[in-house]
Amino acid sequence: MKIPCYDCNTETELEVGFEAVNFVCPTCFSVYSVDDEGRFRRKSQYKAPFNDCPLEIGDTGFLKGSEYMVTGILRKNVYPNYAWTEFILQNKEKEFLYLSLSNGHWMMLTEMEKIDDIKKGVKVLKYDGRDYDLFEHSDADIINAKGFFDFQLPNKRIHLAEFINPPYIVSVERMNNVQTAFHGEYVRKATIQRAFKEADLPYQSGISMIQPTRFDLRNTAVIFCLFALLIITANWYIYKDQVEQNVFNSRIKFSEFDNKEMTSPSFVLNGASAPMTIKVSTGVNNSWANLNVALINEDTNDEIYANKDIEYYYGYSDGESWTEGSQSEKFNICGVEGGKYHLLITPMKAPEDLGNSEMEVSVVWNEPSNRNAWLVIIGMIVIYFIVRYYRNQFEKKRWADSSYSNYE
């Protein structure tokens, strides 16, 4: 089909698979309509600038398994100043596909079968097993156009009713007293770029009405619950046959072992690796003491060292009593594997602390503890609520322009 424009002397040629009713010159935006004799007559002209139009009439791209060609472009606006661009595409099988571009975000739509007339009181639309929430009722003007159209471009406003279930949308249009419904989904910019490799696509800004969130809150909760169950089960399975072992428990007199090494009897640990907990208490009084422990593996001669200061001070100043420190402490040697061991224990106290005569030391292997498992589970709970917070913020921004938002 070849149509000359009488205003700008531009000739537009494009083979389309439908009978064109309207033609709009891509250069000067003059509108032509078919008369009774089948000839195109100039009718009017669009004056609004044509912004945000990365695709042109005749451009081809591969979408949904087929090659589509751009046959028509519409620029629509809702009062006062919300505008977007719609691209009408057709393939060789004469199937139509519609692309909608707003603030750099893309939607791909196809026409649905006829549905019942949408009334303004309807807040939820059911389609294909999903509930679509009403996003907006609005009246749009076509402020500019390009290309070939198989329908009469209206002079009156088009009424729109948009229902969303991100990343999907059902858009219902009433144009020229005829209702048409479209089902669409959000399309990533990269998909459009792959289809139209030469196109210079605009940058994205804001949030599209059907832009998907990065995290699915329900799936995140299910995954975290499964991980928590797995962690608890694994923790139980690993340690179900292990029992707590008291490998050393003694009162050590400073008169015999102050700053001297004491060797414990040998002991055998059976089972998977587990922490060794060392508890120490001594009668420090405005003074300090220290315990140094060496764990010796008799099979490999590997040595692990640990030490702890025990300090306790008190006094009276500025009319108030104060204390600092404690007469008992607890510390761990982590990841002690099964095997044969003995301990080298070296107690020490301050030389001036004459009142402190002994130190009590207790060493337990595999003391029951689910600390690590619960730390991971608590971490997942914290992450879940962080994700939930950011998702709610995302939804607030999405619904900010809607008259039917539940995020007030």
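A residue counts as buried when its relative accessible area is under 20%. Keep that cut-off at hand for the exercises below, which use a predicted model.

**Exercise 1.** Is Phe135 buried or exposed, and what about Trp399?

*Solution.* Start with Phe135: its relative accessible area is 6%. That value falls under the 20% cut-off, so Phe135 is buried. Now take Trp399, which has a relative accessible area of 10%. Trp399 is therefore buried too.

**Exercise 2.** Work out how many aromatic pairs the model holds, and classify the one formed by Phe29 and Phe50.

*Solution.* Ring centres must lie within 6.5 Å to pair, and by this rule there are 16 aromatic pairs. For Phe29 and Phe50, the centres are 5.8 Å apart and the planes make an angle of 35°. Planes under 30 degrees apart would be stacked and those over 60 edge-to-face, so this pair is tilted. Next, locate the partners: Phe29 sits in the loop between β3 (22-24) and β4 (30-34), while Phe50 sits in the loop between β5 (40-45) and β6 (60-63). The pair therefore ties together parts that are 21 residues apart in sequence. Both Phe29 and Phe50 are buried.

**Exercise 3.** Which parts of the chain does the pair of Phe135 and Trp399 link?

*Solution.* First the geometry: this pair is tilted, with 5.1 Å centre to centre and 45° between the planes. Then the positions: Phe135 belongs to strand β12 (residues 130-149), and Trp399 to the segment after α4 (371-398). These distant parts of the chain are joined across 264 residues.

**Exercise 4.** Find what sits over the ring of Phe50.

*Solution.* Look for the charged end of Lys146, which is 4.7 Å from the ring centre of Phe50.

Methods
Residues numbered from 1 in each chain as written. Predicted model: local features only at pLDDT ≥ 70, side-chain atom pairs only at ≥ 80, totals over all residues. Heavy atoms only, no water. Phe/Tyr/Trp six-rings, centres within 6.5 Å; stacked < 30°, edge-to-face > 60°. Helix = DSSP H or I, 4+ residues; strand = E, 2+ residues; numbered from the N terminus. Buried < 20%, exposed > 50% of the residue type's maximum accessible area, 1.4 Å probe, protein only. Lys NZ or Arg CZ within 6 Å of the ring centre and 35° of its normal.
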